[in-house]
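This briefing goes through a two-chain model by topic. The sequence and structure come first, and the notes follow.

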Amino acid sequence: MLNNSNSLIITGTAILLFMGIGLIIFVIIYQQQQLKQKYEQQKAMQDLKNEMQRQMLESALEVQEVERVRIAKDLHDEVGAMLSVTKMSFNQLLRKLDNAEDLAVMGKQTRELLEQSIGQVRRISKELVPSTLEEFGLILSIDEFIQKVHLASTTAFIFSHEGISEKQRFDKKIELTIYRLIQELVNNALKHAKAKEISLQLSTQEKKIFFTFTDDGEGFDFTAVRNDPKRGLGLRNMESRLSVINGTITIQSVVGSGTITKIEIPFA
Amino acid sequence: MWERFLSMSSKSPLLLLASITTWLPIIVAVYGRKKLTLELKILLFYLIVYVIFDICEWVTAAAKLHNAYLHNINESVGMIITGWLYFKIVESSPTKQKVVIALTLITVLNSIFRFSWEEVAGYSFTLNKAAVITFVFLHFHSIITEIKVSNILTHPPFWISAAFLIFACGTLFIYLFWQYTISTTTQKELYRLYFSIISQTFICIFMILLSIAFWTSKFSKQNVE
């Protein structure tokens with residue numbers, strides 16, 4: 001009788017204890033699994049959100065480019081044409097005013113102003129839409145761009161494109177992004193850093209485009225600029241543009257020692 | 001009296017070890033007192049009350065005085081504090097809080113009506129253990145349904161529940177068959193087995209797990225969403 005009761009109590013305690021420990025282990029494992037699932041769901045939601053943001057940004061950039069094309073076309077075809085017609089009409093008027101010397105001088109000055117206006121309209125139109133990029137590709141359009149900037153400033157440019165031929169074409173979005181980034185980087189180097197020499201290196205390796213932009217300008221405090229909502233706009237714009245094509249940007253800059261910007265873009 | 005204390009300790013070292021182990025969570029709690037949440041402060045209060053009764057039990061036993069009533073009062077007071085503790089632990093669910101209040105009231109009323117000066121109130125203890133197991137179930141249910149804890153192993157209430165569950169599961173059968181295991185008529189050998197060995201071992205485990213609960217309190221803030 002005693003032995004029976006003893007074994008009943010010991011067995012009952014053992015079973016209950018076993019169940020208790022089992023429950024604790026179950027709670028640990030189940031809770032961790034639930035947590036894992038929750039994090040996976042959150043991650044999936046975040047990825048979806050990021051993808052939606054990326055698509056929205058892509059659409060915004062596309063709309064921006066379409067608008068640039070429209071403005072460039074209007075400037076070139078309408079304003080440019082009107083100015084050309086005005087110039088022709090003015091030339092005729094000038095011929096009839098040969099005898100009046102004072103008027104002729106004023107007329108010539110006005111014609112020069114008109115010529116300058118026509119030139120400006122053409123330049124703005126061309127800058128808005130890089131037609132060379134569309135027609136001849138990235139390398140020639142970069143070449144054309146830096147030549148133009150070189151003529152307008154005293155800054156020296158070194159441009160190398162290892163493993164990329166002049167005729168090689170990439171996805172339209174990639175070409176346009178690189179071109180716009182170069183415009184922004186050159187603008188920053190000239191306007192803010194007052195660079196004397198700018199180096200652009202473009203290369204490809206294992207389905208990735210590597211672009212390194214180096215200037216010998218004044219440099220800047222990257223962290224401070226990055227966190228300043230007023231000053232960091234250009235940097236954020238570059239990051240946004242790159243995020244659309246899954247690219248990455250790394251900037252190394254020390255005040256007084258220039259800036260090195262490295263960009264990586266995957267391509268199919 | 002001192003000689004009797006030494007004699008009891010040498011005959012049943014686990015009794016002394018269990019009493020010493022009771023100080024372990026208190027020391028850990030005092031060491032990390034700045035990070036104690038309300039639940040852990042209630043638990044500390046529970047332990048202080050437990051230690052006071054434990055000292056009283058040692059003193060009365062050494063003086064050869066009957067002390068079963070102290071054990072019964074300790075259990076009832078402990079049950080009220082445990083109810084308060086779980087009322088805080090399951091505060092995200094008003095329904096669970098109501099269940100905790102109801103069970104605490106039932107167990108306390110039962111302890112009052114079944115109170116005994118001479119014997120350990122085994123049936124009241126059994127009911128208390130069953131109530132504590134229910135509290136732990138309610139808490140575990142909250143843990144796995146709410147998923148607010150990022151790492152359960154550094155979550156103090158989890159260790160509190162683990163401690164209470166193992167202690168309750170380990171001693172429930174001993175109290176259910178109290179007449180056979182820990183009554184005044186129990187054979188010396190059996191009393192020694194169930195009270196001096198098994199019960200005291202579970203008290204040691206209980207106190208160690210509670211010490212872990214206090215120790216993990218330093219992670220508790222970063223652990224809950």
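How many residues of chain A are in contact with how many residues of chain B? The contact joins 19 residues of chain A to 19 residues of chain B, where contact means that C-beta atoms, placed from the backbone, lie within 7 Å. This is a predicted model, in which local features need pLDDT of at least 70 and side-chain atom pairs count only at pLDDT 80 or more, while totals for chains, interfaces and linings use all residues. Residues are numbered from 1 along each chain as its sequence is written, and chains are lettered from A and ligands numbered from 1 in the order in which they are written.

**Interface and chain totals**

- The side of chain A that touches chain B has 11 nonpolar, 7 polar and 1 charged residues; here Ala, Val, Leu, Ile, Met, Phe, Trp, Tyr, Cys and Pro count as nonpolar, Asp, Glu, Lys and Arg as charged, and the others, Gly among them, as polar.
- Chain A holds 7 helices and 5 strands, in the order α-α-α-α-β-α-β-β-α-α-β-β from the N terminus; helices (H or I, at least four residues) and strands (E, at least two) are DSSP runs, numbered from the N terminus.
- Chain B holds 10 helices and 0 strands, giving the pattern α-α-α-α-α-α-α-α-α-α along the sequence.
- Of the 268 residues in chain A, 19% are buried, and of the 225 residues of chain B, 41% are buried; a residue is buried if 20 or more other C-beta atoms lie within 10 Å of its own, exposed if 12 or fewer, and partly exposed in between.
- Among contacts between residues at least 6 apart in sequence, 70% in chain A join residues at least 24 apart; the corresponding value in chain B is 76%.

**Helix packing in chain B**

- Helix α2 (residues 13–31) and helix α3 (residues 38–62) of chain B have axes that come within 10 Å and cross at roughly 150°; axes are lines fitted to C-alpha atoms, for helices over the stretch in contact, and angles run from 0 to 180 degrees between N-to-C directions.
- The α2(B) and α3(B) helices are therefore roughly antiparallel, as angles over 145 degrees are classed, with angles under 35 roughly parallel, 65 to 115 roughly perpendicular and the rest oblique.
- The crossing of α2(B) past α3(B) is left-handed, meaning that the near helix is turned anticlockwise from the far one by less than a right angle (clockwise would be right-handed).
- Residues of α2(B) in this contact include B:Ser19, B:Pro25 and B:Ile26, and those of α3(B) include B:Leu44, B:Asp54 and B:Trp58; by class the contact has 10 nonpolar, 2 polar and 1 charged residues.
- Helix α6 (residues 122–146) and helix α7 (residues 156–176) of chain B pack at about 150° with axes 8 Å apart, so α6(B) and α7(B) are roughly antiparallel.
- The crossing of α6(B) past α7(B) is left-handed.
- Among the α6(B) residues that meet α7(B) are B:Phe125, B:Lys129 and B:Phe140, and among their α7(B) counterparts are B:Phe158, B:Phe164 and B:Tyr175; this contact has 15 nonpolar, 5 polar and 1 charged residues.
- Helix α4 (residues 68–89) of chain B packs with α6(B) at an angle of about 10°, the axes being 11 Å apart, so α4(B) is roughly parallel to α6(B).
- B:Glu75, B:Met79, B:Thr82, B:Tyr86 and B:Ile89 of α4(B) make this contact with B:Phe125, B:Asn128, B:Val132, B:Phe135 and B:His139 of α6(B), a set of 6 nonpolar, 3 polar and 1 charged residues.

**Local points in chain A**

- The 20 residues of helix α5 (residues 172–191) of chain A should span 28 Å at 1.5 Å a residue, which agrees with end C-alpha atoms 28 Å apart; the expected span is 1.5 Å times one less than the number of residues.
- Buried residues of α5(A) include A:Ile174, A:Glu175, A:Leu181, A:Leu185 and A:Asn188.
- A:Ser59 lies in helix α1 (residues 2–96) of chain A and is exposed, because 11 other C-beta atoms lie within 10 Å.
- A:Ser59 is 185 residues from A:Val244 in sequence, and the two are 9.7 Å apart in space, C-alpha to C-alpha.
- A:Lys207, in the loop between β2 (197–205) and β3 (208–215) of chain A, has phi near 60°, a positive value in a residue other than glycine; A:Lys207 is exposed, with 9 C-beta neighbours inside 10 Å.
- A:Asn246, in the loop between α7 (233–244) and β4 (248–253) of chain A, also has a positive phi, near 60°, and counts as exposed with 12 C-beta neighbours inside 10 Å.

Definitions and conventions: Contact = placed C-beta atoms within 7 Å.
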